[in-house]
Amino acid sequence: MENQSITSEYLPKWIPWQGHFVLETITSNGGFSTPRLAEATQILFSAGSLEPIWRVLSQLSLGLDGWGYLIRSIINSLDCAPERGKRATRDAPDEKIRVLEQQKHADKLLKKTASTARELAKLLYELEENGGQVPGETYSGLALIQSAIESNGMSRACCKKPFETFKRQLSSYARGYFPPPILILETLAESAEQQPECSNFYADDPWLSSSQSSWKDYVRVLSDCFHECKRMYGTAPNFSDANWTALVQVLIDKSITRQAVAKGLKEL
């Protein structure tokens, strides 16, 4: 279903003039890029069961920018919920599950990075204590960075001259305190260790803070948009359980019950 089939001329009577304006703006700019969002636009501006939603929106004292933000939020937030009739799992992931699984794997790799970096720093320390002839890159941070710059064509083209200028400006005293490779590796290890794990990294993200993908993600993300609307424009919708139920039933899955929505809202 394409959103080009909607025209403000034939909208239901409960759509306020601001809604007409936003729709005309959306369609004149080419509409939404995905079939799902195009269909959601069609439904939002035509479904009779969403009349109460428009009644709530009509009571807001919002300029056209605020109306544009709200309507686009209602539609765009659908990207954060599973498609109609589908359930995301690890074996059949949606974008959210993919992001969370990638971050969990990144957590494991960061732990390994920290461990490996500390092991390398320990080896360099033993090498330094052992004495003997070794490459300058093993004990000089300046030599290590310069060698890394010269090993890559684009790095060499962009960074060689500025780095040489930087080196010339360093006093012999400053050169003596330039971070050696051991310290660089230990700093890398510490940085990797301080990275929050997935559950904490996304704790404040309305979409990624929960481990499951469901219609609740849509409600969380859209509620966050409402808070942002309040901050930017001074007002925002205050949907009832019935309003939220109508919205998720029409836009996501008609089998979602009002009882489930009421329970889900208390858990958010």
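Begin with the aromatic side chains, which form 10 aromatic pairs, where rings of Phe, Tyr and Trp (its six-membered ring) pair if their centres lie within 6.5 Å, and planes under 30 degrees apart count as stacked, over 60 as edge-to-face and the rest as tilted. Select F163 and F166: this pair is tilted, at 6.0 Å centre to centre and 35 degrees between the planes. This is a predicted model, in which local features need pLDDT of at least 70, side-chain atom pairs count only at pLDDT 80 or more, and totals for chains, interfaces and linings use all residues. Residues are numbered from 1 along each chain as its sequence is written, and side-chain values use heavy atoms, with hydrogens and water left out.

Helices (H or I, at least four residues) and strands (E, at least two) are DSSP runs, numbered from the N terminus. F163 counts as buried at 11% relative accessibility, whereas F166 is partly exposed at 34%. Here buried means under 20% relative accessible area, exposed over 50%, and partly exposed in between (1.4 Å probe, protein chains only).

**From α11 to α12**

Next select F226 and W244, whose ring centres are 5.9 Å apart with planes at 35 degrees, so this pair is also tilted. The pair links distant parts of the chain, with F226 in helix α11 (residues 215-233) and W244 in helix α12 (residues 241-251), 18 residues apart. F226 is buried at 6% relative accessibility, and W244 is buried with a relative accessible area of 6%. A further selection is F45, W54 and W67, which ring pairs link into a cluster.

**The cysteines**

How many disulfides does the structure hold? The number is 0, a disulfide being a pair of cysteine sulfur atoms within 2.5 Å. For C158, the nearest cysteine sulfur is that of C159, 5.7 Å away. For C225, the nearest is that of C80, at 8.1 Å. C225 is buried, with a relative accessible area of 15%.

**Helix α1**

Move to helix α1 (residues 17-28), which has 12 residues. The expected span of a helix is 1.5 Å times one less than its number of residues; for α1 this gives 16 Å, and the end C-alpha atoms are 16 Å apart, which agrees. Select Q18, G19, V22, L23 and I26, which are buried. They cover an arc of only 135 degrees around the axis and therefore lie on the same side of α1, the arc being that of the directions from the helix axis to the C-beta atoms.

Which helices do the buried residues of α1 pack against? They pack against α2 (35-44), α3 (51-58) and α4 (64-76), a contact meaning heavy atoms within 4.5 Å. The face of α1 turned away from its buried side carries the exposed residues W17 and S28. After α1 comes G30, whose phi is positive, near 100 degrees.

**The whole chain**

The C-alpha trace spans about 85 × 40 × 35 Å along its principal axes. Buried residues make up 38% of the 268 residues.
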